[in-house]
Amino acid sequence: MNKAMADARAHLPYFWHVMTEAKNGEEEFSVKVRITDGKNTEYFWCTDLKIEKKVVTGEMATTPSS
């Protein structure tokens with residue numbers, strides 16, 4: 001799993017490029033993000049991604065378990 005996460009991080013610039021230059025009907029992109037409060041960590045799918053002024057925003061597509 002650690003290798004998969006490292007590979008995903010390494011390919012993020014390509015992902016953002018493909019998302020901003022979407023063609024051929026590509027329109028639904030999502031990323032999984034880790035959120036931690038220092039003690040607990042959860043992973044969430046984020047959808048409806050947008051990049052404006054180098055800031056990425058999105059909608060949480062999953063519900064927290066705690």
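Analyst: Helices are DSSP runs of H or I with at least four residues, and strands are runs of E with at least two, numbered from the N terminus. The model is predicted. From the N terminus on, its elements follow the order α-α-β-β-β.

User: How many helices and strands does that make for the protein?

Analyst: There are 2 helices and 3 strands.

User: Where does E27 sit relative to α2 and β1?

Analyst: E27 lies in the loop between them. Helix α2 covers 12-20, and strand β1 covers 31-36.

User: Why does E27 count as exposed?

Analyst: Its relative accessibility is 64%. Exposed means over 50%. E27 is above that cut-off, so it counts as exposed.

User: What makes E27, E28, D48 and E59 a patch of negative charge?

Analyst: Asp and Glu count as negative. A patch takes residues with over 30% relative accessible area and no salt bridge, and joins like charges within 9 Å. E27, E28, D48 and E59 gather on the surface in this way, so they are called a patch of negative charge.

User: How far apart are the mean positions of the positive and negative charges?

Analyst: They are 9 Å apart. The protein has 9 positive and 10 negative charges.

User: What share of the residues is buried?

Analyst: Of the 66 residues, 11% are buried. Buried means under 20% relative accessible area, so that share counts residues below this cut-off.

User: What is the accessible surface of the protein?

Analyst: About 5,800 Å². Carbon and sulfur atoms account for 53% of that surface. The C-alpha trace spans about 40 × 25 × 25 Å along its principal axes.

Notes. Residues numbered from 1 in each chain as written. Predicted model: local features only at pLDDT ≥ 70, side-chain atom pairs only at ≥ 80, totals over all residues. Heavy atoms only, no water. Patch = residues over 30% accessible without salt bridge, like charges linked within 9 Å, V, L, I, M, F, W, Y side chains within 5 Å. Areas by Shrake-Rupley, 256 points an atom, 1.4 Å probe, with all protein chains shown as cover. Salt bridge = Lys/Arg side-chain N within 4 Å of Asp/Glu carboxyl O. Charge placed at Lys NZ, Arg CZ, Asp CG, Glu CD. Buried < 20%, exposed > 50% of the residue type's maximum accessible area, 1.4 Å probe, protein only.
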